[in-house]
Amino acid sequence: MSQPVETFTPQQFHRQSREALANPQIRANFRKAMDGLMDKRRDAFAEWQLEELRQLGANIRLRALAHLPDLLEQLEARCEANGIRVHWAEDGEQACRIVTDICQRHGARSVIKGKSMVSEEMHLNAHLEKAGIEALESDLGEYLVQLNEQTPSHIIMPAIHLNTDEISDIMHDNTGTERTRDVDAMTAAARAQLRERFMAADVGVSGVNFAVAETGTLCLVENEGNGRMTTTVPPVHIAVTGIEKVVEHLADVPPLYALLTRSATGQHVTTYFNMISSPRREGEHDGPREVHLVLVDNGRSNIYQDDELLDTLRCIRCGACMNHCPVYTRVGGHSYGTTYPGPIGSILMPHLMGLDATRDLPTASSLCGACGEVCPVKIPIPDLLVRLRREAVGEGRGNVPGAGSKRTSKEVAAWKSWQWLATHPSAWRGATGIIGKLRGLAPAHIGPWTEYRTAPKPAAVPLHRLIKQYRKEDRS
């Protein structure tokens, strides 16, 4: 049985990664899975002008971010006009309260969930359980890790750390399914177990891959059909998403969809692509009677107001950076102890949790550049990792929550010594003879550094509050 999730924290990354490296089963599971995903991605893009498509994807995301306050206002207006009720949440706690309040207003006792990393980020399941509402994951991978009392180890393939025998044991121990190595039989058993829960659920909760401001459309990408069941069978559908998922036009979706599916799983298209623009209309025979959209900030406004770290918000959650990262592929997602592992998690989680809790994550990289080379929207992940390494020791702009915290004067002095050596090759060569003696003082986060100008830290203002300010400035 895999290690329970309660033992994983970002503060213990080094210990957790050493344990993962010493576990041959984890190493074998990830090596086999990652090799296959890298090969599939390469083959899927073989006949495409990949760099042109990546640049197009990057431009679409950059344009959306440049106009994000206006697009959020437009998205809200279009959704409301379509009959979708829009809610704003400044943090995960408020988002959980909004979802719980909707469930309680409808007397809901059970919730069925489609795949949603934002709901993981919010810890929604635990919040609903405290309110006496059962939340069941319907994505097969999410279902398995929930049965095993774990969290996802990958943002696309949550149970990628488990092999066939482990999955068989989990299903047998939790649902009574007969032990088997027949993957189709296990999938059929899970489908049968979940089908009844779809029909009985009071509320369906899903994520959002792309939210289209032009039309007020919520797009969901999936392979199993659970997303379609979650959003159509229960009488109430609640979609939760980060505020950065908005795009300007419906025509922006196909290029991003082409990049997402090929980068994530090597597929040309997924089995299902769902477009939700309204609740059930008069005369229609299926679909939810109510649709709610919860727009979650949770630190994203702070990222948005930094002209460099803003690039983090381009992410379309494909997981390609994880699949190609030499660190992630060896230690797995749970070693990071965070909702989003791997390279993207190492630049996102410091904003969500603070650098004092996550200061080891930006160093969980060889800076080989593979993550930046495969990112479908060209996020400069290695550059942002270096930026966050500087922030972690109290240098740079200091815009990230917890920047430079919990550093002793001894650690800072050691950092400055290593920084100087790393930027002076001749001095570095001369110091190789005494490196062993210096290791006692050296921080774990060593890398090449360049000077970065300092700037005052801007106040973090949630984007939905900025919208009115921007509109007022436009009118004046």
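**View 1. Helix H3 (residues 50-66) packs against helix H12 (residues 253-265) at an angle of about 120°, with the two axes 9 Å apart.** That angle makes H3 oblique to H12 (angles under 35 degrees count as roughly parallel, over 145 as roughly antiparallel, 65 to 115 as roughly perpendicular and the rest as oblique). Axes are lines fitted to C-alpha atoms, for helices over the stretch in contact, and angles run from 0 to 180 degrees between N-to-C directions. Helices (H or I, at least four residues) and strands (E, at least two) are DSSP runs, numbered from the N terminus. This is a predicted model: local features need pLDDT of at least 70, side-chain atom pairs count only at pLDDT 80 or more, and totals for chains, interfaces and linings use all residues. Residues are numbered from 1 along each chain as its sequence is written, and side-chain values use heavy atoms, leaving out hydrogens and water.

**View 2. Look for the open sheet, where four strands line up in the order S8-S5-S6-S9 with mixed pairing.** At its edges are strand S8 (246-247) and strand S9 (272-276), each pairing on one side only; two strands pair if DSSP finds at least two bridges between them. Strand S6 (residues 217-222) runs antiparallel to S9, and five bridges join them. One to find: Glu 222 has Tyr 272 in S9 as its bridge partner.

**View 3. Helix H16 (residues 342-353) and helix H19 (residues 381-392) pack at an angle of about 40°, their axes 10 Å apart.** H16 and H19 are therefore oblique to each other. Pro 343, Ser 346, Ile 347 and Pro 350 of H16 make the contact with Ile 381, Leu 384, Leu 385 and Leu 388 of H19 (contact means heavy atoms within 4.5 Å).
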